[in-house]
Amino acid sequence: MEFFPIFMKLKQQPCLVVGGGEVALRKASLLEAAGAMVCIVSPELHPELQAKVDAGNMQHINGFFEPSQVEGKRIVIAATDDQTVNEAVYHAAEARSIPVNVVDQSELCRFIMPAIVDRSPLMIAVSTGGGVPVLARQMRTRLESLVPHGFGQLAKLASEFRVKAKSALPDVGTRRQFWEEALQGSIAEKVFAGKLEEARRDLEEQLSTPDIARYQRGAVYLVGGGPGNPDLLTFRALRLMQEADVVLYDNLVAPAIVELVRRDAERIYVGKKTNQHTLPQDDINQLLVKLAKEGKKVLRLKGGDPFIFGRGGEEIETLAENGIPFEVVPGITSAAGASCYAGIPLTHRDYAQACTFVTGHRREGEEALDWPRLVQKNETVVVYMGVGQSASICQQLILHGRDKDTPAAIVEQATTDNQRVITGTLTTLPELITEKGVKSPALIIIGDVVKLHDKLAWRG
Ligand code: SAH
């Protein structure tokens with residue numbers, strides 16, 4: 001972290017702006033908006049600054065900068081086009097441990113000013129560490145369109161009820177759950193629709209007779225996190241990731257996705273690799289029940305889709321048996337991700353009229369795959385968890401009648417920046433996998449559709 005983000009109360013605090021031009025005007029106006037007592041040092045003044053000085057809203061020292069002028073100031077901003085002056089301001093402030101900002105020169109900044117989205121009292125500040133202000137501004141534009149203007153009013157309304165909520169719902173977790181619902185549900189909608197009074201009445205009512213049990217009830221969300229690229233999460237997944245009290249995830253969930261979980265949520269790694277379970281499946285099932293019974297909102301985050309080779313079914317069976325409320329959120333399964341990002345459509349009118357997903361990993365004593373069903377020329381087969389078994393899988397398919405020259409591909413870490421696609425045939429692919437050191441997670445795609453990769457690959 002290059003800069004530590006804070007919000008500073010500057011009301012009635014003396015602040016110094018060195019410079020009297022356009023940039024100084026912008027900075028001084030921002031300080032004025034925060035209620036600071038602004039003093040400007042400059043031999044010349046922009047007419048708008050002059051007007052503010054004349055109106056008595058700012059003080060003006062008509063002359064050149066002198067180091068002693070930073071004395072007693074809360075913050076100092078240099079906005080001149082004279083590098084010697086800017087440096088002098090920087091050193092004078094640094095020598096006195098006063099936070100200083102030289103506009104657009106991050107090496108001469110003790111603090112920087114973020115791009116802001118102002119929905120007071122809600123304030124969103126964006127920074128790129130002073131390095132790429134354009135990026136910060138682009139992000140601000142996106143946030144501007146994302147955060148409805150009514151958000152400020154919603155924040156104001158909520159703060160009116162803070163004390164009341166605290167006494168009606170003394171438990172922190174219960175209270176957070178209450179706000180979580182209020183700020184996203186019908187109350188928020190009413191505020192955005194301009195029905196402030198109605199929203200106020202609803203809040204009043206909900207807090208006079210709070211349904212405490214409802215806010216304390218634990219639940220489990222079984223959520224598909226997609227194949228690894230955070231852009232492929234669903235809105236629902238993201239929202240629940242932001243709300244959960246505790247998150248259980250395994251090694252298929254990319255770190256970039258775990259990053260998006262609410263900062264203060266507890267994170268439990270229940271890593272899972274073939275034959276190397278950090279927590280046995282049954283323990284995971286029981287842990288979900290235990291956490292939900294403690295009243296927590298538990299997010300069980302899975303790679304891909306929870307119901308495709310994800311044991312999601314087993315986990316919620318245990319929940320159902322224990323009467324725990326749950327919700328299942330689909331995710332993009334890795335076959336869909338790999339197919340799109342590798343440019344290999346799983347069906348195609350010319351090549352494949354059906355597609356079958358199979359797993360290459362069998363439980364001990366489990367029956368082998370139904371090979372005769374997987375050898376139809378005009379059907380695609382996608383093998384999950386098949387890297388280690390690729391040689392025997394390809395061999396079995398040939399033995400059961402699939403053409404030995406059938407195109408086949410392996411897609412490693414599909415949809416992520418590390419995606420690798422290797423194509424061959426049923427005969428050559430296993431060797432290529434060994435040769436190129438392909439590792440899990442990877443998917444094998446078999447069928448004539450693989451031919452399209454050369455033409456349709458857009459992602460390498
Ligand atoms: N529920 C998951 C599958 C879990 S089984 C889903 O719907 O995708 C684990 C297997 O999924 C891995 O062995 C691998 O074959 C496949 N897989 C998961 N993520 C992948 C990725 N990003 N790229 C390629 N294969 C992936």
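What percentage of the chain over residues 151–207 is helix, and what percentage is strand? In this predicted model, local features require pLDDT of at least 70 and side-chain atom pairs count only at pLDDT 80 or more, whereas totals for chains, interfaces and linings use all residues. Residues are numbered from 1 along each chain as its sequence is written, and side-chain values use heavy atoms, with hydrogens and water left out.

Residues 151–207 are 82% helix and 0% strand, where helices (H or I, at least four residues) and strands (E, at least two) are DSSP runs numbered from the N terminus. The end C-alpha atoms of this stretch are 21 Å apart. An unreviewed UniProt entry assigns to residues 151–207 the feature "domain: Sirohaem synthase dimerisation"; such annotations may be inferred rather than shown by experiment.

The structure contains 25 salt bridges, each defined as a side-chain nitrogen of Lys or Arg within 4 Å of a carboxyl oxygen of Asp or Glu. One of these joins the side chains of Glu160 and Arg200 (2.7 Å, N to O). Because Glu160 belongs to helix α5 (residues 151–160) and Arg200 to helix α9 (residues 196–208), the pair ties together parts that are 40 residues apart in sequence.

A ligand oxygen atom is 2.7 Å from an N or O atom in the side chain of Ser334. Backbone polar atoms also take part: that of Ala442 is 2.7 Å from a ligand oxygen atom, and that of Ala414 is 2.8 Å from a ligand nitrogen atom.

How values were computed
A polar contact is a pair of N or O atoms within 3.5 Å; within protein, one must be able to donate a hydrogen and the other to accept it, and residues adjacent in sequence count only if both atoms are side-chain atoms.
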